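Me: Hi! Could you walk me through this one with me? I'd like to start with the charged pairs and then look at the packing.

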Amino acid sequence: MRISKLRKFFKFSFTKYRKELQIRKYREHDNYGVDIITKEAGNFTIEPLLPSEPPYPLTYSFGPTGYLTKNKNQDYCSIITPWRNPNNYCHWTFCEVPLIHLALASEAKNIILPKELYHPQMPFQRRWIEILLEKFSEKNILLKEENPIRNPIIPINHDTLRAKSKIGKCLSFHYNQSRPSPYLIDVIESIKPYFLKNLRNTPKKIYIKRKKRMILNEPELEHVLQDKGFESVWLEELSLDDQFQYFNNATHIIGFHGAGLSNIIFCKQRTSVWEIADRDCVYPSYLDNVIIPGRKAPRVYYHLTSHIMKLEYKVLLSNNYLLDISQIEGI
């Protein structure tokens with residue numbers, strides 16, 4: 001019995017270690033050696049706005065999006081591994097959606113997906129799969145676990161860098177986890193018609209409510225925002241299609257840093273986005289390299305997304321989760 005448990009432990013440990021190696025190899029490179037390029041490499045420079053950003057402009061480099069095809073079986077295209085937490089709304093949207101689309105858009109007839117991607121747990125994930133399979137209905141989908149095809153084509157999207165150069169005292173790869181890629185923006189534009197089949201009226205100005213990590217004087221903020229024509233929205237209670245409608249129709253969006261702001265990828269250009277960020281949760285820190293595992297904080301996901309999409313992005317700073325309401329007077 002003890003030997004059996006040890007075998008299971010070592011098998012689990014080896015599987016986890018192997019997956020980590022695959023993630024580093026296929027999902028976390030600074031430069032990808034793709035031989036078929038779908039989206040060219042590019043740079044984006046953003047001015048400092050968040051408390052977690054250095055006091056100087058920061059340039060984000062993206063490698064090319066494309067496929068590894070040399071000496072590969074052209075009939076099959078396979079996503080080698082999912083990201084570490086595909087059930088997270090932000091990770092799924094920024095990392096998995098563009099990669100699944102890239103795989104389906106390949107010349108291969110057979111697409112091999114890990115079970116975490118083909119049979120996901122969350123309703124928003126299942127809806128995404130439904131939409132992507134509707135767009136690429138001619139493809140034959142296979143489970144990776146059941147089809148160990150040798151040397152399939154491999155799709156590569158540049159959502160994460162591993163560079164160890166420093167931003168202040170902080171290693172730069174801490175700023176480059178699960179980034180929204182330019183290819184993702186192209187994907188969203190191509191699938192918008194699938195979300196626009198059932199149009200409905202939604203408010204032009206929305207405030208995103210959260211059940212966790214919120215400002216302490218939220219009732220006061222909501223009262224002021226209501227006078228300015230904002231409507232409060234619980235995104236957890238909305239379907240993916242409804243969330244698309246809210247963000248695609250909105251002209252003004254305000255919300256505390258969190259996965260719900262991933263939906264700004266559905267916005268139209270020049271939409272005004274205000275991200276509430278607290279000074280207490282600056283992570284990572286370019287000043288002292290303090291990295292606290294599991295601590296939530298304002299990374300640059302939404303600042304970078306807004307820059308790429310040409311949204312009007314601003315930051316509302318709170319202190320100890322209290323927001324100075326005077327900051328929204330001009331909204």
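Me: Which side chain meets glutamate 222 in a salt bridge, and what is the N to O distance?

Reply: Lysine 209 does, at 3.0 Å, N to O. A salt bridge here is a side-chain nitrogen of Lys or Arg within 4 Å of a carboxyl oxygen of Asp or Glu. Glutamate 222 sits in helix 6 (residues 218–227) and lysine 209 in strand 11, so the pair ties together parts that are 13 residues apart in sequence. Helices (H or I, at least four residues) and strands (E, at least two) are DSSP runs, numbered from the N terminus.

Me: What should I know about the model itself?

Reply: This is a predicted model, so local features need pLDDT of at least 70 and side-chain atom pairs count only at pLDDT 80 or more, while totals for chains, interfaces and linings use all residues. Residues are numbered from 1 along each chain as its sequence is written, and side-chain values use heavy atoms, with hydrogens and water left out.

Me: Back to that pair: are glutamate 222 and lysine 209 buried or exposed?

Reply: Glutamate 222 counts as buried at 14% relative accessibility, and lysine 209 is buried at 11%. Buried means under 20% relative accessible area, exposed over 50%, and partly exposed in between (1.4 Å probe, protein chains only). Lysine 209 also meets glutamate 218 in a salt bridge, 3.1 Å from N to O, and glutamate 218 is buried too.

Me: How many salt bridges are there by this rule?

Reply: The count comes to 13. One of them joins arginine 200 and aspartate 242, with the closest N and O atoms 2.9 Å apart. Arginine 200 is in the loop between helix 5 (182–195) and strand 11 (205–209), and aspartate 242 is in helix 7 (residues 240–249), 42 residues away. Both ends are partly exposed: arginine 200 at 36% and aspartate 242 at 21%.

Me: And how many residues of helix 7 are buried?

Reply: 8 of its 10 residues, so helix 7 is mostly covered. Its buried residues include Leu240, Phe244 and Phe247. They pack against several elements, among them helix 2 (89–104), helix 4 (123–135) and strand 13 (252–256).

Me: New topic: which residues touch the most other members of the largest nonpolar core?

Reply: Trp128, Phe247 and Phe266, in a core of 69 residues. A nonpolar core is a set of buried Ala, Val, Leu, Ile, Met, Phe, Trp, Tyr and Cys residues joined through side-chain atoms within 4.5 Å. Helix 2 gives the largest share, 10 residues.

Technical notes: Contact = heavy atoms within 4.5 Å.
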